[in-house]
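What follows is a walk through one structure, taken a part at a time. Please keep the sequence and the 3D view at hand while reading.

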Amino acid sequence: MAQQRGLKGFYVGLTAIAVVGAGALYLARGRGADPQTIDPTPVAAGGFPGYAIGPDSAPVTIVEYADFECGACAQFAILTGPDIKERLVATGRVRWIFRDFPIEGHRNAMPAHLAAACADEQGQFWAMHDQIFFNHGRWVPEARPERRFREFARAIGLDGDRFDDCLSSGRYRERILATRQEGVTRGIGSTPTFEINDQRMIGLMGYDELRAHVDRLAPVQP
Amino acid sequence: MVGAALALAGLLVSLYLWLWKIGALGVLACGDGGCETVQLSEYAMLFGLPVAFYGVVGYAAMLAVCLTGLHGRPTERAWPTAALLALSGGGVAFSAYLTYLEAAVIHAWCRWCIVSAVIVTLVFGTAVVGFRRKAWKRGA
């Protein structure tokens with residue numbers, strides 16, 4: 001009898017832990033939507049401003065801190081990127097800036113960021129950006145991913161010799177690390193992180209959520 | 001009972017990490033970004049599934065075994081203790097490997113992963129104590 005009472009109390013306690021835990025998980029669902037207000041000054045004097053697409057005059061500027069090896073960043077680029085480019089950037093509402101934030105420990109992140117910088121030399125950063133993210137599974141597990149980046153360079157019509165020279169030289173390494181360090185100084189701790197004008201959003205966002213922020217900052221005129 | 005409560009706590013922690021990994025949660029409450037670094041590393045996936053998912057399955061199995069062991073006569077409870085010992089022993093070994101990766105390969109600490117490692121070690125400890133008690137009772 002006493003054991004039955006003990007078991008009943010145990011199950012009540014266990015259920016209470018489960019309910020509290022489930023509640024905490026439920027509340028955590030919306031945490032990515034909480035914006036932080038930040039200093040909108042994005043780049044130190046003389047620093048690299050990032051890779052931009054969209055007009056200077058756009059009412060909303062979105063800075064994305066991303067790591068090419070980050071799975072969530074790839075997911076964002078594949079699922080949300082095309083909608084952003086077509087419906088927000090091409091319509092002149094948003095200027096999108098990509099900033100390098102290779103995560104330490106991601107062994108292939110730096111070569112990927114170098115490949116993107118070398119493609120930018122030939123005016124093809126965004127084409128390489130898409131190649132790198134859309135083919136994420138092909139180069140991330142590689143011991144030497146450079147050959148994949150050379151394939152991507154050929155696929156988007158880059159001058160192969162010039163791209164190879166650039167990639168081999170690693171001449172953008174310091175710039176990439178400086179951009180990353182600047183992000184760290186500004187409080188970036190994970191990828192992807194978005195700065196929408198003066199609001200910082202951490203973590204993956206879907207198109208509708210991002211569009212809602214743009215609409216709030218720059219309402220569409222009727 | 002202690003094992004069941006710990007397994008439930010471990011289940012909630014691994015569920016939290018898994019839900020974040022599949023994009024169901026916005027931000028990991030981690031403090032310094034170490035959790036994201038670890039969770040976004042190549043080592044956060046195993047055989048095409050998030051490592052945290054194996055934690056969810058493992059802790060759910062431990063919880064089920066613990067609850068099964070609370071019912072029936074003592075002689076019928078011997079196998080759940082042995083099963084808990086095996087499951088939590090595997091969990092300790094796997095957690096040790098993951099902790100090594102954090103320290104030596106990824107160079108970042110995921111606090112929730114460490115919490116999970118501590119929990120599974122405690123579950124293993126309760127399983128060892130339970131197993132020895134049963135062995136002692138059988139011997140007496």
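Two residues are said to be in contact if their C-beta atoms, placed from the backbone, lie within 7 Å. By that rule, and leaving aside neighbours within four places in sequence, A:Ile132 is in contact with A:Phe68, A:Ala112, A:Ala115, A:Ala116 and A:Phe152. This is a predicted model, and the predictor gives the complex an ipTM of 0.72 and a pTM of 0.62.

As a general point, nonpolar side chains in soluble globular proteins tend to be buried together.

Helix H4(A) is the next part to look at. The helix covers residues 109–121, and at 1.5 Å a residue its 13 residues should span 18 Å; the end C-alpha atoms are 19 Å apart, which agrees. Eleven of the 13 residues are buried, so that H4(A) is mostly covered. Among the buried ones are A:Met110, A:His113, A:Leu114 and A:Cys118. What covers the buried residues of H4(A) includes strand E4 and the helices H5 (125–134), H7 (146–155), H8 (160–169) and H9 (173–185), which belong to chain A. After H4(A) comes A:Gly123, with a positive phi near 75°.

Now step back to chain A as a whole. Its secondary structure comes to ten helices and six strands. Chain A has 222 residues, of which 36% count as buried. Taking the contacts in chain A with a separation of 6 or more, 79% are between residues 24 or more positions apart.

In what order do the six strands of chain A form a sheet? The order is E1-E6-E5-E3-E4-E2, in an open sheet with mixed pairing. At the edges are strand E1 (36–37) and strand E2 (51–53) of chain A, each of which pairs on one side only.

Strand E3 of chain A, residues 60–66, has five of its seven residues buried, so it is largely enclosed by the rest of the structure. Seven bridges join E3(A) to strand E4 (residues 94–100) of chain A, and the two run parallel. In this pairing A:Ala66 stands opposite A:Asp100. Strand E5 (residues 193–196) of chain A is joined to E3(A) by four bridges, and here the strands run antiparallel. The bridge partner of A:Glu64 in E5(A) is A:Phe194.

E5(A) pairs with strand E6 (residues 199–202) of chain A as well, in the antiparallel sense and over four bridges. Two of the facing pairs can be traced: A:Ile196 stands opposite A:Gln199, and A:Thr193 stands opposite A:Ile202. Which residues of E5(A) point one way, and which the other way? A:Thr193 and A:Glu195 point one way, A:Phe194 and A:Ile196 the other, and all are buried. In a regular strand the side chains alternate between the two faces of the sheet.

E5(A) and E6(A) form a hairpin with two residues between them. A:Asn197 lies in the loop between these strands and has a positive phi of about 50° although it is not a glycine. Most residues other than glycine have a negative phi. With 18 C-beta neighbours inside 10 Å, A:Asn197 counts as partly exposed, because the cut-off for a buried residue is 20 or more.

B:Phe47 is not a glycine, yet has a positive phi of about 50°. B:Phe47 is found in the loop between strand E1 (45–46) and strand E2 (49–50) of chain B. Is B:Phe47 buried or exposed? B:Phe47 has 6 C-beta neighbours inside 10 Å and therefore counts as exposed.

A last point concerns the confidence in chain B. The average pLDDT of chain B is 84, and 86% of the residues score at least 70. Among the elements of chain B, the lowest mean pLDDT, 74, belongs to helix H2 (residues 34–39), and the highest, 92, to helix H3 (residues 51–69). Where pLDDT is low, the predicted coordinates should not be read in detail.

Technical notes. Residues are numbered from 1 along each chain as its sequence is written. Chains are lettered from A and ligands numbered from 1 in the order in which they are written. This is a predicted model: local features need pLDDT of at least 70, side-chain atom pairs count only at pLDDT 80 or more; totals for chains, interfaces and linings use all residues. A residue is buried if 20 or more other C-beta atoms lie within 10 Å of its own, exposed if 12 or fewer, and partly exposed in between; C-beta atoms are placed from the backbone. Two strands pair if DSSP finds at least two bridges between them. pLDDT is the predictor's confidence in each residue, from 0 to 100. The expected span of a helix is 1.5 Å times one less than its number of residues.
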